[in-house]
Every structure is written in structure tokens, then in C-alpha cells.
Amino acid sequence: MARLSKENVERAERTIALYPHARSALIPLLHLVQEQDGHLTNDGMEHVAELLGLTPAEVLGTASFYDMFFTHPVGTYLVSVCTNIACMLNGAYELLEHAEQTLGVKAGATTPDGTFTLEEVECLALCGNAPCLTVNWRFFGDVTDDSFDGLVDDLRAGRLADTIPPHGTHARVARSVGLVAAGPAKAAPAKKPRAAAVVDNKGDSAPEPRSGERK
Amino acid sequence: MSDTATPPDAVTITVDGKQIEAHKGEMVIAAAERAGIYIPRFCYHPRMRPVGMCRMCLVQIKGPRGFQLQPACYVPVADGQEVVTTSPEVKKVQDGILEFLLVNHPLDCPVCDKGGECPLQDQTFAYGPGETRFVEEKRHWEKPIALSDVVLIDRERCIQCDRCTRFADEVAGDPLIEFMSRGAKTEVNTFPDQPFASYFSGNTVQICPVGALLAKPYRFRARPWDLEQVESTCTQCAVGCRVAVQSSNDDLTRYLGIDSDAVNHGWLCDKGRFSYEAVNSDDRLGRPLVKRGGELVQTTWADALDAAGEAISAAVSSAGSGSVAVIGGARLANEDQYAWAKLAKCVIGTDNVDAQLGDGLPAEVVLGLPRATIDDCDTASAIVLLGPDVKEELPVLYLRLRRAALEKKVPLVEVASGRTGMTRYATTVVPCLPSDQAGALRKALAGGLRDQLGGNPVVVLGRPSLAEPADGVVAAAALLADIPGVRFLSALRRGNVHGALDMGLAPGILPGRVALDAGRDWFTAFWGSAPESGGLDTRGILEAAADGRIGTLVLLGADPVSDFPDRDLAQRGLDGARFVIAVDAFLTASSRQADLVLPAAMFAERPGTTTNLEGRVSRLGQKVTAPEVAWPDWMIAAELAARLGGDLGFLSLDGIWDEIVRVAPAYAGINRTTLGTRGHRDGIVVPVPEGTVLDTEMPPATDVTVGQERDAGEGEIDPVETPGIASVESHGVPVQAHDPAAAETAGPAAESDAEAAAGRPRPALIEWDRAASGTTAAKPDAYALRLVVGRKLYDNGVNVQMSPSLAPLAKQPVLRVHPSDLDRLGVKSGGVVRLRSPQLTTTITAEADPTLPRGTAALPFNVPGIEVAAMIDASKPANEIAIETP
Amino acid sequence: MPLTDVDRITTRRIGNADSWTLRSYLDNGGYAGLRKALQIGREAVHEEVNKANLLGRGGAGFEAGRKWGMLRQADPTYLVINGDESEPATFKDHMLIEGDPHQIIEGTLITAFAIGAAQAFIYIRGEFALGFERMQQALNEAYEHGAVGHDIFGSGWSIDVVIHPGAGAYICGEETALLESLEGKRGFPRIKPPYYPAAIGLYGAPTVVNNVETMSNIPWIVVNGGDAFAALGAGRSTGTRIFALSGHVNQPGNYELEMVKPTFRDIIFDPRCGNGIRNGNEVKIIIPGGASSPWFGPQHLDVPLGQDEVGKADGVMPGGGGSMLGSGSIVVMDETTCPVRAAWRLVRFFERESCGQCTPCREGTGWLSKILYRIETGSGRREDLDLLYDISDNIIPGMPWPYPMTTICFLGPSAAVPTVSAMQMFRDEFLVHVKDGGCPYE
Ligand SMILES: Cc1cc2nc3c(=O)[nH]c(=O)nc-3n(C[C@H](O)[C@H](O)[C@H](O)COP(=O)(O)O)c2cc1C
Ligand code: SF4
Ligand code: FES
């Protein structure tokens, strides 16, 4: 619950450098705060405000517009159940009710042990596999009551630790190249774009895309 | 229509079948309004960027695909455009929008401050649906929460028009309130624990079109239909914002900014807005007081005036008229100042008169340089800031300069020792050591700055620091005065200090911007006498008094003990003067020590005129009566003159004004009729250039009320721009500031009469002889820090301290020093240091400020917690302190 | 045979092993379009896209080539790719982003080259965490491959591409809200006219905003020629398109089909697509083009899947007009569906997603949803039907399709559309709810 760490300030500065105007980095930086602290802490937002030359009110004004940002603590796993039209037609409300029973909390609340926060969300764009949900924005489709309970067990047992990072981590793949100036090539490249090692790429072991593919 | 050519930017549009002329670039809503077609609105505000959010102004505008619903506030006019504002379709849509606005709006009008002056309420009556069809539960929020010490928000009433948030960001540059959340949950709020601490926060209350934003001082105090109002000019500082002064039961209840195009655009600073509390204060002086046995006790006016007359006579007869001195007068109206100048310079015969308290500039510099208006800043080739922090001292000028820089893209050059509120907007900063403004500027001019300044720069000129004499900045002004086309905008801050200088409350100056030598004969012709030689300024007066050379010292609303940048000298001066007369509204650190205290009327308790930093003369309105037997200052002067066997020659305020217009050269032509006309609502900048035709048409008797005139002679007040004004006007009884029957005494004819009567041509206005140049202080020794002292908006001044809402805003000071000077001590920014000056030692929180030159220390003047005035020796070219670990 | 058997365009690599990697992409013809584009030059690329008559796949269906041509000439200009896909029941971009990120990047690069953009931004819906990782990974690989960055493929042309995450707000799919969001602000749609992004876009500079699926078509068009693309489909609707089919069909999923040739009946019932309704039920409601589109019924089953065909169909809106193909997502509901509940759920979505800046949407969507909920849960009143119509009329005066609107953007109207559609089609069922004091389907 603090300002950004030194390492995260460096990440923030690299991100800011990608944009013609610093403020564009606001959302990526807020993801960074949330990754560090699990939610948007006041210290974190104030730090972002400093980095971008904004007032903390401007930062919160933007942050509070977006559903993925939380200004209060969230469980290690944020379980987001879609109840929009396609999922509703396929039993989403019943699934949500089941989830409430399994986790013992109503949608919007966090389990007393701080492990799960359950929420009802709008269409997650996995309607071909309705009903669906995400855990920390990692997708699960064709969810049944049983598969939900299995998922909760797996999460509790830490069996999905590799694929589902704790709440707040938006992406585990970082950009490996700095900003490259556009336009016709100048006489000599200032610096050959660095193709550094990809940071912490777990992409390949992440769950398969669940989007309904053509069968 | 006349056959004059249409202006180049004119386009013709048709609104409801009526052809109207519009200016290219303006929005349909504004063009229609000028033609008398009022399109309902909530989010649109003429002084801010349109956002088209509330949708109340939807009208039909013809496009390539026929008539389409468009927000009139967001569509610019185009030649041949056709607009329909009254069709059934438009009416249906507007009804619908209003109904949408009301679905979640509480029905608490009876207990809402805005009830009775609420645009939402009014438009509901005018356009709205009859019964509510909304049977669902309304949105709920915790009832008012504080956004700051003075502003509350009731989020249930908010209609999300974005006016307050736009104001905070776009106009004030303080984006501390924002929309939070989304959709129907949207609220206006601050970041947790970071209040909306803007000097301009009260404007958001003023422009809120519903009762969502509330001013703590006003909350539940009055209902609009109980209010009366009069138009006036704020004299809290020298900007002179136009203001509607509202009262109820002879108590001031509220000030609202009036949209003056030339000056304040409708805005006020919070100090000005809430300073009416000081006028209402229970601590006001209502009766004369005389010192008996070391105590001030009540007395009668007759006895008090006798005592004053005797003291002055005694001083004159024992040591000559020069042993009488007057300090102060910037609080007064022009007429009061003229009366006091005439009393001092003619009846008593002393030139030891100074309205400035060692914190200003020599009168000949302010009066003798080519002057600029605030509007000139918008079109200047550059603005040079050479003075104090305008955000702290002249807040609404700050808004105008900020706008000039951001919207009009005028380059801003700041010459300063350390950051000010303006630095963020500066294109160029010329850093200078304290008192070396001239040196730094000379170097910068030679180094290319000259080219940046262009052909018509405006220099905003004032005192950057009270811990050094004016010489440094005067020398810098002399350098800039050589630039062809340059003009100067005074940044002297005291309320009517410019009126005081114009009325002769300065040594070596006579009324109407005339030097004593140049004007002596002219004034002798009218007054019978004028001082033989130039007198002393405030510092000189205090030194003379300390030496026992002043018999009677008059403090004209001045408090040198708190307010003169040399506490020790001020105190010695009061101690050394044989008799001290204080004309004041409060007992202050100085008036408390006086032998005689005469209670004076304040702002809103007397009419008159005032002159702002541009030289703009505008009217003051009276709305309440002064406490008990407090008098307007001019009456005190007139009565004193009589006690001294003299006669000021006027019995009324109007009489004074007529004399000013007649004898004070810079004020020629500004007769009372002219000042009261619609065309001159924003005041008149003096001197009026030769050949200018002033509007002398009489205003209708009913029209001596307030409100923005969008176009001379036409247009109504927009009730949604500043809701509180239009509605009160229709309920209240406006005071008539002018007697139309008493007009025409001072026309052009009267002016040539003046020349005939004097037997000589009018004397020329003063020009500054800038041969004399400033000095630069020697370098301080290695361990001393040179003091830079500026003012804060909220300080220990009486107007702040006597206003309960403002007093808590005066904050404990911090000492700012360059980080290296803190490092030297091993103290962290935010840590405490011991501060040592030759006069006193204290501890204070220190903050590192890399914008300060090394070896300087910045402190605020006259704030709670530290006696900075006591660290200043006015006789030194610079003042120093040292800091140590505590 | 209702379905024509042409090669798929945008989805042809989906399903390949590791389809999201550079290796797999190169093995399947990847970056050939970019190389060709660099060779033939920007005008030629633009010309091919014009010939293709590629309609934007984000919802509005504006010709991509024409949009590029409208770009105000200035320096800089930007390209912004819309991958915010949040329209209920739309899930095609999600698949393209996770399954074939290189194709999007290649299309983006070709487009940026054609319009002379200074920088390109690909805005990815925040919730697509895996998608963001795949895109970022692909971009990193593309830099390494020399396809993006400095002196691309030795052509002398350079550009930087940034993958930008959203953070959960449907309205940011609206292109001007997206630009605000990309500028680090609240996602408030900008008022238009007069400002289209092509004139005043990102940071006030001229900007082209195109959808992810639109971009995915570009490499193919450059490689195969605009004429080849235009040879598919019919009328204004050329090429293929991904239809996201969901609801009560037996086989929901994304189906890339040639435009215009198949009908709703085909996609719903063909065994290779929807394969019919669950339990052999009947079609009751079809949402033809995303939650914002006016509903269709069984009477529309034979309407072809084409932009104008759907647009000009004989629809249900009281003011006349058809519906839209919109984002290409089709929701099918069978006779067990309560239309009040379906309408409420859609309206509730728009209520929650309203940005809140304009009055009719902020207040109207909530009001509509509250009334619908009351009717569904048994507290409806007869007069509520008229009220629902009138509230809708105050959002989309006259209630025709397409509609005039009192709002700033299309979100607010999108709540009125299902409300009115449901009442037009199932007035009786609404009245039953009112009369019986509850939902007959419960
Ligand atoms: C409320 C609203 C939401 C939208 N959401 C999306 C979206 O998620 N993705 C998208 O590509 N376009 C969306 N659009 C359409 C975009 O505004 C824009 O037309 C499109 O991105 C342009 O790309 P195209 O021409 O390639 O289709 C939305 C429009 C509206 C009014
Ligand atoms: S219609 Fe809704 S989403 Fe669109 S601008 Fe208005 S409030 Fe925002
Ligand atoms: S939309 Fe024009 S006044 Fe609000």
C-alpha cells in the first residue's frame, strides 16, 4: 500500500515514453499500481499523478470511470460472472446464484478470508461458450455448477497459480522495445531497436483461447 | 438598419424565421440570445468551453439531411443557417430533457438555498411537464459533504452539467474536483483528503444551475425573495471586480460576480466573495473612542472631532503643517480620498501623505508610465511579469493572465526569484537574485529576450518582495520603458490604492495625476493653497515620527504595526508621534494604540467610485447602513476641515465628484451621468483619450440594477449564467446610486469653465523621469540568506481575520529555501529549522524549493505564526536571515 | 447450397497450432501483405482497399477506403485500432486478438503505411488479459522480425506501434470515447458532428479509427487484390464476415461466411453453423447485429446477411425501417424466452455502461430499466407501456430506424431500441405481465 517501487517507477517511465503525451499512460500506470498493491491505493494514485503531472483528483476521476479499477481491497481472486444476454439465455443467473452459495458471499462482496471477490459483470465476449466467467480476467467458458466448484477448489489449492496471477496483474508480457521514431528512415538509426528478452512470458502456458472457434 | 458596412466577421442566420446577424465562430445559442431569442440551457456558460452535455438546448438546425436536432450551444453559426427553436418537435424534446433531469432530482426546493433562484426550478415552470411520471426510487447520496472549508456539495441535486468541474480546470487551473464514477452514479468529488482548496472555489457555487454546490457562509442564511441587491465594485484588491452586493434585513448576505467583459468575466476570488462577513462583524467600530487613562473609551463625534481638530492645530502651530502626516487611505472611495487629500494638502497644508505602506511603488512610476488595461494583455505581443505573485495578491488578474497565456497564446515572461502561481504558464522565466531584477533583465534582453517581447508588450509591474526596497524593480521597469510600444499594468494590490494615487494621497502628487510642482498654481486657483514642497512617504513619516518630528499622525484605515514591512520602525513611529488619530472600521494592532479612533463606514455602507489597477473608474453601491454612528470618510474629513476653520466646499458625495471632474485633470469628462450609463457599466478608464465620445445617455431610472450587458442597450441577463443575480433583481429593491435630476453639472462646458476659473490651461499629467535608477544590494555573506517576502491571499489582514469563513484559511507559514541550503544543514524538506534574524529568533518548518536562487529564503508576510515584518529593516537595501538546526 | 464454399479470410489460421506465434504466422503466409504493400506504395494499397469496398466491421459499416481518404492532411496523423469489443453477444474480435494477433498487426502496419500515420495504437479491451499478452508478445516478435519499428524490411519506412490496454468500460468502444480513453481521460464520447476523428482525433490530430476485424482483412486484400475481395458477397457488402452466433442455438460460435449469400435461416439452422435451436424449439427473437440493433422475429429468417439487406428489411420499429448488421453478432432466442426479461437485461446493460455525460442517456436508460424490471417482477402498470414508449421517444424522437437522437452518442438510443422492439413484437406478453402481476415464464 504504497508508492510505486523503484522497479515499477522504471516500468512506468518506459511506458510514458511510448506516448506523445504523458497522460496517455494513465491507464497502463493504474494497472501497474493495481498489480503492485492489489487495488488502487491513494498513495499509488498520488504517485501516478506526480509522474504524469496531474492532480490526484484527475487520476481518480479517470480511474473511477473504469470497472476494472478498484479503490478498495479485492480478494486474491476476482471472480466475474457474466449475466448478459447470451449467458443469461444459458443459465448465467443460476450460475451466479450457485457461485454465491459456493463462496458464501453475495455478488459484490469478498469472502472473509480475502481469497475471493465475486462480482456480476457485463458481456465478457465469450458468448459462444456461455455461461462464462473470468478469474482475474482469465477466461473460463461453458461453466457448469460442477465445473465452477472444481475451479474454486483448484484456486484454493493453488493449482492454477501459474495461469492465474493474483488480482491486479493485467499482463505478464512486457513490451521489449522502446519507442521507435516514425517516418522515413533517418541516415543512421539512432539505436538499433533492442529486441530484448521477453519478460516473464507465460503466454504459452495460459489457457487456450476459449472463443468459440469455427467447428 | 443603418447603412454602415457589416463587420467582416458577420454572418446572417435565420432563427424562427427572423434574420439575425451573428459573429463568425460564436455558437447559435449566443447569437440567438443577442437577438432576443432565449434557448433554454444548463451546461452552457458563456465564459467556458461548450460541452453540449445537458442537451437542454436542442433545437432544429437545417443540414444536408434536413432539420436535425442539434445542441445550440455546440453548433457554430454559419452563413445562411436555418434554426428552429419553437417547433412542437423541439418543445417535446426540451420537455423530455427537463423530465429526465428531474427524475433523480430531489423535491427539496423548500429547504434548498437555490429555491427561488434556481434555473432548474424556473425552467420546470416555464417549459416543464406538469406531474412527475417517475414513480421509482430516486438516487441517494449522503446529504451535503464538504468539498472544502467553504464549499459543500449535495450530490443528489447535481445535474452533472460539468460547470463546476470545467471551471476548476479550465478557468481556475485547479482541477481538484472531478467527475467520479460513471453513468447514473456520476458524482462530483475530490480526491480523498485533498479538498477543493482553490482561491476561486466560490465561483462554482455561483454558477451551479441547481442547489448542488453550497457556500457554507451563505447556507440557510436567506431566501432569494428576501434579498435586495445593488451593483458595486469589489475593493478587496485593486482588480476591481464587478459585484452584486446582496443583503437581507440590513445585513450583507452574499456577493456574486457580475460578468464584466473588461475585468472579471463574472468571477470573484473567495476572499472578495466572502469578505462581507467582515462588514457584518460584531467587532466593527460604531462610535468614536478616545484614550483616557490609557484606555479607549466611547465618546461623541462632537468631542472626538474637537479633540482631533485641537491636536492638528496644536501640531501645526508648534511645528508647522509638516508635523501633521497622514498614512493610508487605500480603503477609501475616490471621493473620500479626494476629501482627505484636500484636507491635508489644502486645509492643513502638509504633503506628508501616503496611501502606500512601504509595500508599493513610487507614485510617479505608477502614474507616469504608459498604462495598459487588462484586455490589452489578451492582444499583447508578450506579457512581462515583474512584480508579486499575482495569484496571491490580485487573484482575478491571475485568471485573466492565465487565460491570455493559455487561450490567447500570449507569451508570458516572468522575472522572479522563485516560483509564483504564474510560473506554470510562463513561456520564459528570467530568474533573478532578490533586488537584482534590473541586472537579470538587462542580461536577458541582450540575450534575445528583446525579440521575444515584440512590438506591444505589457509589463505587469509591482513589488516582488517586501524585504527589499522598490529600487530594484523600478530600475528594471526603466529598462523596459525604453521598448517602443510598451505599456504597464500596475500590480499594486491595495483595494483603491490607484484611486488614492489619482486623488493625491501620495507625497509630491496632486489630484488628477499631476505632480505637485506642475499643479501647484492650478490647484491654488481652486483650493486657495497647495503644499510648498514635496513631503514624506510612509517610511519617511514613520522615521520622522520616531524622531519626534510628527505632532499628529493620522492613520486612515492603515495598520502599519501589522502591515508595514518594518515592525520596529512602525512601532517607534507610533510611539514617537505625539497624537495618533486612527480612522478605522476595526481596532487593529495600530488603531488600538491611537489616542483617538474615529469609526468609518466600509464597503457597501457608502456609495462612491473606485479606481482599479487599470485606472478604471467604476461605481460603488451602498446596500446596508454603517454600524451605529460610523461615518463615511469624506464626512469625517469635511467636519475636521470645519474644526480647523476651513471648508472643503462640498456637502455631498455628488458635489465631491463634480469637483474632481472639474479640477483633477486625469478625471476630466467623467461626469456622473456618464458613469451611470449602460454603455459604461464596466467603468471608464481614465484619462479618457482626447476625442473619445462617451455615452451620456441617461439610464432609465429602473435600470440602476445589476446584470451583464451583452450589447450596449440590448439584451437581458442570462438567468442561468449567474443564477442568483437575475432572480434577486426581480424581487429586490435596487438602490439608486445616482440622482438623474442632479446631472449635467459637470459637462464639457463645466470643464472649460474650470480653465477659465483657474485662468490657465489644465496642467499636464505626470510623466516619470526615469533618469534616476535603482541600486543593487551587495551580495550577502556566505551563511546569510537573503529574504524574499511576498503576500498570501489569506493573511492576518482585518478583512480575512474578521470574516469567520476566511480566517481559518490563513495557514501557518513555511520557509522556502534552495535545497542546497537545506542540505548544508542536513535538514530534510519539511523539517524544522531555527531562523535567526538580527531582530528575532524563531523556529519554522522549512521546505526545499529548487526554483529559488541559492542563498535566498522566501517567507510570507503578515500571516499567523511568524512576525516577518519584524525581520525587515526598511532602511536596508536587503534583509538577511540565517537558519540553523534547531 | 446456401453457404458458398470460399476460403476463409480472417479466421483461416485460427485453430492452427500456436496460431498466435510469429513462427506459425510466417509458415502461413504472414507478412507477405506488408512486404507487398511496401513494394507497391501507399496509393496502390489505398486503391486496392477502395476496390475491395471493405465495410468497417466495428458496427457502423463505413467503407474503410473512404475513411482513409477523408483523413485531413496534417502532421502528425495517427492510426488507432479498436479492439475494445464489448457489445453484448459480440465475441469475434476476442478470438482474432487471441488467435491471430500478427494478422491484426500486419493489417495495422499496412494501414498506417497507406495513410502515412506517425504512430499506431491498438486499443485492447482491458478484460482481454490473455489477448493483451498475445498481442504484446506478437508485437515484440514483429519488432524482432523487422516488420515494425525502424526501417521496416529495409524499406526506409519506420513506425512505432503501441498496444494499449483499456480498463473496463463498454463506451470506450465508441471511437471518440476510445480516443479520450487513450488520452488518459474518462471515456466520454466527443460530440459530433462536427468533429470526426479523421478531422480531429487523437490529441486533436487527424486520426483513422478502424476495427480489429477490419484490419484483419487488409493483408489478404493487399495480397489477393481488392477485386478478389469485392467478388465475394453482393452489392455494398463484399467479402466475408465473422458472424458471432449465440443464444439458444445448438452450436454457438464465430462463423466466417461470405456476405449476403447466406440468410439468418442458414446460419441458424445449417449443421455447419448453428445447427438449429436447442430441443428443436422455435425461433422467437433474433437480435441481428449486436445488442444495439432492433430485433427481428421468425418473419425475418430469410433476410440475407448483408448490410443493406438487413438495414432495409421490414423491421419492427414504430417509426419504420429495418435493423442493422452492426457488429455481426446474432443472438437467437427460442419460445421459452421472456421478452420482457430479455429487453430488461439489455437495457440494464446500457444503464450500467452509460458514460453519464448526457442527460437522456444517464437518466433515461435507468428509468427504462427500472420500469422494465418492475413489469418483469410483477409491479407493472398498464400505463407503463405508454411511458416506456414516451421515454424512448424522448431519446430517439419518432422511433424510426435509423433514428434521430437527443443524446451525444448511440449508447443511449441503444437502450430505447430493445425496449421498443420488445413492446412492438410482444405487446400481449407485456400486458400479461401487468395483468398477472409477474412473469409467466418463471
Ligand atoms: C456505443 C458504441 C460502442 C462501440 N463499440 C465498438 C467496439 O467495441 N469495437 C469496435 O470496433 N467498434 C465499436 N463501435 C464502433 C466505433 O465507434 C467505430 O465506428 C469503429 O471502431 C470504426 O471501425 P470500422 O470502421 O473499422 O468499423 C462502437 C460504437 C458505439 C456507438
Ligand atoms: S448517449 Fe450515453 S454513453 Fe453516449 S455520451 Fe450520452 S451519456 Fe454518454
Ligand atoms: S447541451 Fe447545450 S446548454 Fe447543455
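Helices (H or I, at least four residues) and strands (E, at least two) are DSSP runs, numbered from the N terminus. Keep that in mind for every element I name.

What you have above is a predicted model, where local features need pLDDT of at least 70, side-chain atom pairs count only at pLDDT 80 or more, and totals for chains, interfaces and linings use all residues. Residues are numbered from 1 along each chain as its sequence is written, chains are lettered from A and ligands numbered from 1 in the order in which they are written, and side-chain values use heavy atoms, with hydrogens and water left out.

Chain C to begin. It holds 16 helices and 11 strands. Its radius of gyration is 22 Å, close to the 22 Å that the globule rule gives for 442 residues, so chain C is as compact as a globular protein of that length. That radius is taken over C-alpha atoms, and the rule is 2.2 Å times the number of residues to the power 0.38. Along the principal axes, the C-alpha atoms of chain C fill a box of roughly 75 × 50 × 35 Å.

Next, burial. Buried means under 20% relative accessible area, exposed over 50%, and partly exposed in between (1.4 Å probe, protein chains only). Of the 442 residues of chain C, 71% count as buried. Now contacts, meaning heavy atoms within 4.5 Å. In chain C, 70% of the contacts with a separation of 6 or more come from residues 24 or more positions apart.

The surface of chain C. Accessible areas come from the Shrake-Rupley method with a 1.4 Å probe; for residues, only the protein chains shown count as cover. Chain C carries 38 positive and 52 negative side chains, and the centres of the two sets lie 2 Å apart. Lys and Arg count as positive and Asp and Glu as negative, while His and the chain ends are not counted. Each charge is placed at NZ of Lys, CZ of Arg, CG of Asp or CD of Glu.

Two peptide bonds in chain C deserve a look. Most peptide bonds are trans. The one from D75(C) to P76(C) is cis, with omega near 0°. P76(C) sits in the loop between α4 (64–69) and β1 (78–83) of chain C. W401(C) and P402(C) are also joined by a cis bond, with omega about -15°. P402(C) belongs to the loop between α15 (383–393) and α16 (411–436) of chain C.

On to chain A. It has seven helices and five strands. Along the sequence the pattern is α-α-α-α-β-α-α-β-β-β-α-β. Of its 215 residues, 58% count as buried. The accessible surface of chain A comes to about 8,700 Å², with 51% belonging to carbon and sulfur atoms.

Now the interfaces. How many residues does chain C bring to its contact with chain A? It brings 84, and chain A brings 72. The area buried between them is about 6,300 Å², of which carbon and sulfur atoms give 58%. E133(C), H150(C) and R345(C) supply 11% of the area that chain C buries there, more than any other three residues. Buried area here is the accessible area (1.4 Å probe) that two parts lose on being put together, summed over both.

Chain B meets chain A too. There, 12 residues of chain B are in contact with 13 residues of chain A. About 1,100 Å² is buried between the two, 62% of it from carbon and sulfur atoms. M180(B), R182(B) and F191(B) lose the most area on the chain B side, together 50% of what that side buries.

Inside chain B, look at helix α4 (residues 163–171). Eight of its nine residues are buried, so the helix is largely enclosed by the rest of the structure. Among them are R163(B), F167(B) and V171(B). The buried residues pack against β8 (178–180), β9 (187–189), α5 (202–207), β10 (213–215) and α13 (395–406) of chain B. After α4(B) comes G173(B), with a positive phi near 70°.

Most residues other than glycine have a negative phi. D250(B) has phi near 60°. It lies in the loop between β12 (242–248) and β13 (251–257) of chain B, and is partly exposed at 40% relative accessible area. K409(B) also has phi near 60°. K409(B) is found in the loop between α13 and β19 (412–416) of chain B, and counts as exposed at 64%.
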